[in-house]
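This report describes a structure for a reader who has not seen it before. The sequence and the structure come first, and the description follows.

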Amino acid sequence: MSWWETLRTGLEAVRTHRLRSCLTMLGILIGIAAVILTVGLGEGAQAKVSGQINALGSNLLIVSPGSSTSSSGVRGGFGSASTLTVRDAAALSNKTVAPDIKAVAPTVSTSESLTAGSTNWTTSVVGSQPDWLPVRARTLAAGRFITAADVSSRAAVVVLGTTTAQELFGGASAVGQSVTINSIPFQVIGELTPIGSSSTENQDDTAIVPITTAQTRLIGGSSRSSVSTIYLEAGSSKMLSAAYQEANNELLATHGITLATAADFSIATQQSILSTATSVDKTLTILLAGIAAISLLVGGIGVMNIMLVSVTERIKEIGLRKALGAPPRVIRRQFLVESSVLGFAGGILGVGLGIVGAVLLPKVISQPIAISGLAAAGAIAVAVAIGVVFGVYPASRAARLAPIDALRGD
Amino acid sequence: MTTLSQETLQYGNIAPPVIALEEVRKTYSSGSLSVEALRGVTLSISTGEYVAIMGPSGSGKSTLMHIIGCLDVLTEGRYVLAGEDVSRLSEDALAEIRNRRIGFVFQQFNLLPTLNAWRNVELPLCYAGIARPVRKARSIEALERVGLGDRTEHRPTELSGGQQQRVAVARALVTDPALILADEPTGNLDSASTADVLDLLDELHAAGRTIVLITHEADVAARAGRVARIRDGMLVADASDAAGAEAMARMARNAP
């Protein structure tokens, strides 16, 4: 009997016991759908986080100040000291010292209240240089960005994020309007294109001013030359590690530090931020997928159980087929095909349910679910494998039945 | 061997034997208990013969039928079926012998309820590896031969008992086997259907088929040209003429 014939017989048997086949498939179906959804949920979350981090800019290095130690000996965390200065940024801009660094954007930030007419809005005011725009991979929706002339003249000009502009001026165009920050009138010269919010901050709710203006007119105090973060853009993704080395060496040299472990700053790459941010998601995904895999295993045991019942119930049929000349291997094949048909159908339906879930669930839980074709194909393969593996024992039991014993069963 | 040659000689001038059993013994053992179901049966059946094997329950008649049908293997002795020694063949080889050489008709009909008449008849052809269109043509031909040419698409549940058994006979015929082995074929039928099926077997016999019929009913056995009686695992009588068969049948009727 050919494989094609065997497949036809298997399909007939599945169709004949419709209800039972459906219930058996349900076990596999739920397992496969659960695996697909949990893996998709994990992948979706990872894609979302990496999307947010990539949105910070491309080939980005982030230099943060190191920890501070107060006179009483209390150590603050990284970023609490103001060890980075505009001079550091200038040094990193030197092409002979750091040829792999394409652009440098030192920033200072402070929280200020912005007033336009009778409306006021508190937002994070960032002081930076013209390079901020390309380094952070932002674009303008209207107007112009800060120029080098603005920086050197400490001009009272501001570029607003979409949200901020919306809050201050409603739907009206912000460019050309006047905004008061810290009792100083600023002229709005541009508006940023919105990019959406990251998990920690709304990147559209911000105001960018020349770094010199921020340092002297908004922040003031003793730390006029210090900066809170220096953003570096490497020439390309291949130059990223070279750029990292150059920045590290140059900052150690300018800070007069010989021991790398004693560095008073830290440099993070997008990759390191990404892996930290996604590691939790990964762990959770593996855990959930493990639980889903257990439900798949239970589904497989269901297949075995039903196949064993099926063998017992069809003992006369098996006996008759054997009497009519079916050798043991053909009987074994018939039952194996039946169980893998159950597995395959369960897998297909499970993937279908998974896809439906991936479309409907995000509307409820506001988490994206990414289902890849590879995961779907893999899930179907696993479902068929489950059918085969859990079908082996019942099938060989059927094959071993002696024809007379099988025929006698009444 | 001597017994076999004598038997061969005896029937040799008629036709070569389809079945040659020689001192066949079958012992069932479970644990320390062993039961000897067949205690040296020697039997030769020639091509074209219609033989009834009779015996009360527990006589070893079912065991003999299983051995003849290659459904079970013998413990001792020799069994030559259609010129091939099948005494000690593997399970796979026995399956092939059953498929090619033997057509079975069972008391319970043993039709698959989910398949229609012709799909039931084609089953042995499936295992013989014959292409589907050929199988269908031959199955329908076999059904026409048993008078069910207009019932090919009916399922067993839509057929009467007699018709179901005729489907089973068609299934036994379809491979053109050397031997048709009928195990109590009328045991589950009313008298009208019994006559139907027995008439059909008579026809097949008249057409030159070799038929072995296992029964405990004397009037069924009376249809056969030869009656072999088995008791306690041994052949006790073998009447090969019609009169003998009648006498055997009478004996059977009068037996307590």
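## A strand enclosed in chain A

Strand E9 of chain A, residues 229-234, is largely enclosed by the rest of the structure, because 5 of its 6 residues are buried. The model is a predicted one, and everything below is to be read as a description of that prediction.

E9(A) has antiparallel pairings with two other strands. Strand E1 of chain A (residues 60-65) pairs with E9(A) over 4 bridges in the antiparallel sense, and within this pairing A:Leu60 has A:Glu233 as its bridge partner. Strand E2 of chain A (residues 101-116) also runs antiparallel to E9(A), with 6 bridges. There, A:Ile101 is bridged to A:Ala234.

## The two chains in outline

Chain A holds 13 helices and 10 strands. Of its 410 residues, 41% count as buried. Among the contacts in chain A with a separation of 6 or more, 81% join residues 24 or more positions apart.

Chain B has 9 helices and 10 strands. Its length is 256 residues, and 50% of them are buried. For chain B, residues 24 or more positions apart account for 68% of the contacts with a separation of 6 or more.

In soluble globular proteins, nonpolar side chains tend to be buried together. The largest nonpolar core in this model has 126 residues, and A:Ile32, A:Ile36 and B:Ala170 have the most contacts inside it. Helix H2 of chain A (residues 18-54) contributes the largest share of this core, 12 residues.

What does A:Ile32 touch, leaving aside its neighbours within four places in sequence? The residues in contact with A:Ile32 are A:Leu296, A:Gly346, A:Gly347, A:Gly350, A:Val351, A:Gly354, A:Ala379 and A:Ala383. Another core lies apart from the largest one; it has 50 residues, including A:Ala105, A:Val125, A:Val126 and A:Leu251.

## Where the chains meet

The contact between the chains takes 17 residues from chain A and 19 residues from chain B. On the side of chain A that touches chain B, at least two residues each come from helix H1 (3-16), helix H10 (315-323), helix H11 (328-365) and helix H13 (403-408). H10(A) gives the most to this side, with 5 residues. By class, the residues of chain A on this side divide into 10 nonpolar, 2 polar and 5 charged.

One residue of helix H10 of chain A is A:Glu317. Is A:Glu317 buried or exposed? The limit for a buried residue is 20 or more other C-beta atoms within 10 Å. A:Glu317 has 21 such atoms within 10 Å, so it is buried.

Chain B contains an open sheet of 6 strands with mixed pairing, in the order E6-E7-E8-E3-E9-E10. Which strands stand at the edges? Strand E6 (102-105) and strand E10 (234-239) of chain B do; each has a single partner strand, so one side of each is left without a neighbour in the sheet. From one strand to the next, the twist averages 20 degrees.

## Two packed helices in chain B

Two packed helices are described by the angle between their axes and the distance between the axes. For helix H4 (residues 117-127) and helix H6 (residues 161-173) of chain B, the angle is about 35 degrees and the axes are 7 Å apart. The crossing of H4(B) and H6(B) is right-handed.

H4(B) makes the contact through B:Ala117, B:Asn120, B:Val121, B:Leu123 and B:Pro124, and H6(B) through B:Val167, B:Ala170 and B:Arg171. By class, this contact has 6 nonpolar, 1 polar and 1 charged residues. B:Ala170 is also one of the residues with the most contacts inside the largest nonpolar core.

Note on methods:
Residues are numbered from 1 along each chain as its sequence is written. Chains are lettered from A and ligands numbered from 1 in the order in which they are written. This is a predicted model: local features need pLDDT of at least 70, side-chain atom pairs count only at pLDDT 80 or more; totals for chains, interfaces and linings use all residues. Axes are lines fitted to C-alpha atoms, for helices over the stretch in contact, and angles run from 0 to 180 degrees between N-to-C directions. A crossing is left-handed if the near helix is turned anticlockwise from the far one by less than a right angle, and right-handed if clockwise. Two residues are in contact if their C-beta atoms, placed from the backbone, lie within 7 Å. Ala, Val, Leu, Ile, Met, Phe, Trp, Tyr, Cys and Pro count as nonpolar, Asp, Glu, Lys and Arg as charged, and the others, Gly among them, as polar. Two strands pair if DSSP finds at least two bridges between them. A nonpolar core is a set of buried Ala, Val, Leu, Ile, Met, Phe, Trp, Tyr and Cys residues joined through C-beta atoms within 7 Å. A residue is buried if 20 or more other C-beta atoms lie within 10 Å of its own, exposed if 12 or fewer, and partly exposed in between; C-beta atoms are placed from the backbone.
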